[in-house]
Amino acid sequence: FALDIILNFRTGFLHHGNLEMDSKKIVKNYLSTWCLIDVLGTFPFEEILSGNLSSRKSLKLMKYFKIPKLLRVSRVLKYF
C-alpha cells in the first residue's frame with residue numbers, strides 16, 4: 001500500500017469528464033481526497049497497540065483502525 005501512495009501522486013484523475021494530468025492539480029486533488037485514508041490504512045496500528053493495552057481494549061481499537069484499509073480495498077474493487 002505504501003507504493004500505491006507514491007503512485008497516486010503521479011496518477012491523473014477525472015475532473016468534469018476530462019483527464020487531468022497536471023502534477024500540481026494531481027497532488028492537490030489527492031491530498032484533499034484519499035491521502036489521509038491511505039496513510040492511516042498503511043500505518044501498522046495493530047502491531048503498535050497489541051503490546052500496550054489490555055487484550056479486550058486493544059481488540060476494540062484495532063477494529064476501528066481497519067476501517068481505512070477497508071476503504072482502500074473498496075476503492076480498488078470499484079474498478080473491477
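Q: Let's start with the overall fold. How many helices and strands does the protein have, and what pattern do they follow along the sequence?

A: Happy to begin there. The secondary structure amounts to 6 helices and 2 strands. Read along the sequence, these elements run α-β-β-α-α-α-α-α. Please keep in mind as we go that the model is predicted.

Q: What share of the residues in the protein is buried?

A: The general idea is a cut-off: a residue is called buried when its relative accessible area is under 20%. In this protein, 21% of the 80 residues are buried.

Q: And what does the accessible surface come to, and how much of it belongs to carbon and sulfur atoms?

A: The accessible surface of the protein is about 6300 Å². Carbon and sulfur atoms account for 66% of that surface.

Q: Which residues form a nonpolar patch on the surface?

A: Look at Leu3, Ile6 and Leu7, which form such a patch and together have about 320 Å² of accessible area. One of them, leucine 7, belongs to helix 1, which spans residues 2-8. Leucine 7 has a relative accessible area of 47%. Exposed begins over 50% and buried ends under 20%, so leucine 7 counts as partly exposed.

Q: How should I read contacts by their separation in sequence? What percentage join residues at least 24 apart?

A: Take the contacts between residues at least 6 apart in sequence: 49% of these join residues at least 24 apart.

Q: How many aromatic pairs does a search of the whole structure find?

A: The search finds 1 aromatic pair. Its partners are phenylalanine 9 and tyrosine 30, in an edge-to-face arrangement with 4.9 Å centre to centre and 85° between the planes.

Q: Where is lysine 24 found, and how far is it from phenylalanine 9?

A: Lysine 24 is in helix 2, residues 23-32. Lysine 24 and phenylalanine 9 are 15 residues apart in sequence, and their C-alpha atoms are 9.2 Å apart in space. With a relative accessible area of 70%, lysine 24 is exposed.

Conventions. Residues numbered from 1 in each chain as written. Predicted model: local features only at pLDDT ≥ 70, side-chain atom pairs only at ≥ 80, totals over all residues. Heavy atoms only, no water. Helix = DSSP H or I, 4+ residues; strand = E, 2+ residues; numbered from the N terminus. Buried < 20%, exposed > 50% of the residue type's maximum accessible area, 1.4 Å probe, protein only. Contact = heavy atoms within 4.5 Å. Areas by Shrake-Rupley, 256 points an atom, 1.4 Å probe, with all protein chains shown as cover. Patch = residues over 30% accessible without salt bridge, like charges linked within 9 Å, V, L, I, M, F, W, Y side chains within 5 Å. Salt bridge = Lys/Arg side-chain N within 4 Å of Asp/Glu carboxyl O. Phe/Tyr/Trp six-rings, centres within 6.5 Å; stacked < 30°, edge-to-face > 60°.
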